[in-house]
Amino acid sequence: MNAEQAWQDLQRIRVPQERVYDEVEKCAAGDPRATYATAGIMWLFLAGMGLDLPKWGVWLMLAAYVGVLSSLAVHYSRRSRMRLHRSRYSWRSAASMAGGAAVSGGTILLSGRLVESLALPFGSLITATVSVLAFLLFVGPANRWAVAPLRDRSTRAPSERAIR
């Protein structure tokens with residue numbers, strides 16, 4: 001195989017790969033509908049947890065929350081025009097998920113304790129609002145941070161990848 005043929009083969013592979021990365025970056029940066037839907041569902045769940053429900057009501061509400069979030073995830077994953085191989089997800093994806101859980105959970109706990117200590121009326125509404133705002137402020141930058149190195153990994157030379 002000559003060098004010209006190898007270069008043409010590389011370009012034939014690289015162009016579709018660049019389109020995939022463009023699509024991933026566009027999905028991470030745009031279309032906030034899934035994020036806002038998740039935030040709205042989270043707000044309804046947290047506000048509903050402030051009601052005096054019997055134990056079976058709490059479990060029913062938790063099951064409904066998980067079910068609606070699962071159906072939302074399925075809906076938006078089916079809408080995706082492309083499927084990425086699992087190796088395209090770096091440690092940053094897992095770190096952003098764990099960080100999101102820590103930020104959301106910590107905000108829920110801290111705002112709940114603050115509302116209890118101050119004995120504020122409508123405490124669950126305050127907790128829900130503060131927690132959803134923290135979630136929304138975290139999601140955008142975290143998604144962009146998690147997706148940013150994908151294109152860099154593809155442009156690295158094979159010898160660099162072997163070293164790492």
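Where is the place of phenylalanine 122? Phenylalanine 122 is in the loop between H4 and H5; helices (H or I, at least four residues) and strands (E, at least two) are DSSP runs, numbered from the N terminus. This is a predicted model, in which local features need pLDDT of at least 70 and side-chain atom pairs count only at pLDDT 80 or more, while totals for chains, interfaces and linings use all residues. Residues are numbered from 1 along each chain as its sequence is written, and side-chain values use heavy atoms, with hydrogens and water left out.

**The chain as a whole**

- The protein chain holds seven helices and zero strands, and its pattern along the sequence reads α-α-α-α-α-α-α.
- Of the 164 residues in the protein chain, 25% are buried; buried means under 20% relative accessible area, exposed means over 50%, and partly exposed lies in between (1.4 Å probe, protein chains only).
- The accessible surface of the protein chain is about 11500 Å², and carbon and sulfur atoms hold 66% of that surface; such areas come from the Shrake-Rupley method with a 1.4 Å probe, and for residues only the protein chains shown count as cover.
- Among contacts with a separation of 6 or more in the protein chain, 78% are between residues 24 or more positions apart; contact means heavy atoms within 4.5 Å.

**Transmembrane annotation**

- An unreviewed UniProt entry places the feature "transmembrane region" at residues 34-51, 57-77, 89-112 and 118-139. UniProt positions are given in the numbering used here, feature names are shortened, and annotations may be inferred rather than shown by experiment.
- In the model, residues 57-77 are 100% helix and 0% strand, and the end C-alpha atoms of this span lie 30 Å apart.
- Residues 118-139 are 82% helix and 0% strand, with end C-alpha atoms 29 Å apart.

**The nonpolar core**

- The largest nonpolar core has 13 residues, of which Met42, Phe45, Leu46, Tyr65 and Phe135 touch the most other members. A nonpolar core is a set of buried Ala, Val, Leu, Ile, Met, Phe, Trp, Tyr and Cys residues joined through side-chain atoms within 4.5 Å.
- Helix H2 (33-48), helix H3 (55-79) and helix H5 (123-147) are the elements that give two or more residues to this core, and H2 gives the most, with six residues.
- Not counting residues up to four places away in sequence, phenylalanine 135 touches Thr35, Thr38, Ala39, Met42 and Ser104.
- Serine 104 lies in helix H4 and counts as buried because its relative accessible area is 12%.
- Beyond its neighbours within four places in sequence, serine 104 is in contact with Met42 and Phe135.

- Alanine 37 belongs to helix H2 and is partly exposed, at 26% relative accessibility.
- Although alanine 37 and leucine 69 are 32 residues apart in sequence, they are 9.1 Å apart in space, C-alpha to C-alpha.
- Tryptophan 43 is also found in helix H2; its relative accessibility is 30%, so tryptophan 43 counts as partly exposed.
- Tryptophan 43 touches Leu125, Ala128, Thr129 and Val132, not counting residues up to four places away in sequence.

**The loop between H4 and H5**

- Most residues other than glycine have a negative phi.
- Alanine 119, in the loop between H4 and H5, is not a glycine, yet has a positive phi of about 55°.
- Phenylalanine 122 likewise has a positive phi, near 55°, and is a residue other than glycine.
- Alanine 119 counts as exposed because its relative accessibility is 62%, and phenylalanine 122 counts as exposed at 65% relative accessibility.
- Leucine 120 also has its place in this loop between H4 and H5, and is partly exposed at 36% relative accessibility.
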